Amino acid sequence: MKSLLALLLLPLALMACGKGADSGTPGAPASPVAPVAAPKGQDWLQVVSKTPEGGYVVGNPDAPIKLLEYGSRTCPTCGAFGRTAMQPLENTYVKSGKVSYEFRDFLVHGPPDLPASLLGRCVGTATFFPVLEAMYQGQAPFEEKLQDQTATAALQQKLVNAPGPAIANGWADYMGFVDFMKQRGLSEAKARACLNDQAAIDQLTKMMDDAGRAPYNVTGTPSFYINGKKLDTALSWPDVEQALRASGA
């Protein structure tokens, strides 16, 4: 497995926000899939779990159509997808029990993505997806911070040899992620504990390493898969919805 530093710096040179999966599409249109009832007293939007690969999935765990996204919380194209897709995806497809949706963090911008991913993942299963959506809804100030090349280059240089927790805290402070999470109920003490969690950093490092290998071969975000097959050049909700419908949803 590559080191944390290598994986965090690699995206800056080789990967791109707005460059999704580049090969493979679902086959011919499938037969329509029947809705699946949720457990008594619940709906499928209440069923959220962490996957063995390190992602988080909402919906019927046995859904016949499994949508997977590798995304970055600071990627504008991912943000546009999240702002337009989450409501119809959840209410029309996931809630029916036909489709499950899994999100795996992919640090396409390198160090600036690290604190956003750590904080978004430490809130627990019940609020993972609401926090993800809130980050996308409130993405504009983070984009402005990333566009300040002088400040970001200086911080990058300052933290170039720092350990993972120091990188996470440094970028969290610059980007404003701790205050963002405090406004959404996460205490600063809890936020700092999450940013200093070396085991969580190691898990993100492994997930990045796995994503870059077969069968996923992720090179940019967002990258989408349906039942393990890459969606060819899919970057927007209309692209993904068309693929879901072609798969029988």
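Let me start with a term: a residue is buried when its relative accessible area is under 20%, exposed when that is over 50%, and partly exposed in between, using a 1.4 Å probe and protein chains only. With that in hand, F129 counts as buried, at 4% relative accessibility.

Hello everyone, and a quick word on what we are looking at. This is a predicted model, in which local features need pLDDT of at least 70 and side-chain atom pairs count only at pLDDT 80 or more, while totals for chains, interfaces and linings use all residues. Residues are numbered from 1 along each chain as its sequence is written, and side-chain values use heavy atoms, with hydrogens and water left out.

Now the overview. The chain has 11 helices and 8 strands; these are DSSP runs numbered from the N terminus, with helices being H or I of at least four residues and strands being E of at least two. Of the 249 residues in the chain, 49% are buried. Contact here means heavy atoms within 4.5 Å. Taking contacts between residues at least 6 apart in sequence, 79% join residues at least 24 apart.

Let's go to the sheet. Two strands pair if DSSP finds at least two bridges between them. In what order do the strands of the open sheet run? There are 6 strands, ordered β2-β3-β5-β4-β7-β8, and the pairing is mixed. The edges are β2, residues 48-50, and β8, each of which pairs on one side only.

Look at β5 inside that order. With β3, residues 56-58, the pairing of β5 is antiparallel, over 3 bridges. Here Y56 stands opposite F103 in β5. As for β4, residues 65-71, it is mostly covered, since 6 of its 7 residues are buried.

That brings me to the aromatic rings. Rings of Phe, Tyr and Trp (its six-membered ring) pair if their centres lie within 6.5 Å; planes under 30 degrees apart are stacked, over 60 edge-to-face, and the rest tilted. The whole structure holds 14 aromatic pairs. One of them is Y101 with F129, a tilted pair at 5.7 Å centre to centre and 45° between the planes. This pair links distant parts of the chain, as Y101 is in strand β5 (residues 99-105) and F129 is in helix α4 (residues 125-137), 28 residues apart. You already know that F129 is buried; Y101 counts as buried too, at 1% relative accessibility. Y56, Y101, F103, F128 and F129 form one aromatic cluster.

Staying with α4 for a moment: the helix has 13 residues and reaches 19 Å from its first C-alpha to its last, close to the expected 18 Å. The expected span is 1.5 Å times one less than the number of residues. Its buried residues are F128, F129, V131, L132, E133, A134, M135 and Y136.

Compare your picture of that with helix α9, residues 188-195, where the buried residues are A191, C194 and L195. Why do these sit on the same side of α9? Because they cover an arc of only 100° around the axis, the arc being that of the directions from the helix axis to the C-beta atoms. The buried residues of α9 pack against α3 (113-121), α7 (164-175), α8 (177-182) and α10.

Next, two charges over rings. A charge sits over a ring if NZ of Lys or CZ of Arg is within 6 Å of the ring centre and within 35 degrees of the ring normal. K145 lies over the face of Y174, at 5.0 Å from the ring centre. R184 lies over the face of F180, at 3.7 Å.

Finally, some backbone details. Which residues are joined by a cis peptide bond with omega about 10°? They are A214 and P215, and P215 is in the loop between α10 (198-211) and β6 (220-221). The bond from T221 to P222 is cis as well, with omega near -5°, and P222 is in the loop between β6 and β7 (223-226).

N217, in the loop between α10 and β6, has a positive phi near 55° though it is not a glycine; it is partly exposed, with a relative accessible area of 37%. T233 also has a positive phi, about 55°, without being a glycine. It lies in the loop between β8 (229-230) and α11 (237-246) and counts as exposed, at 53% relative accessibility.
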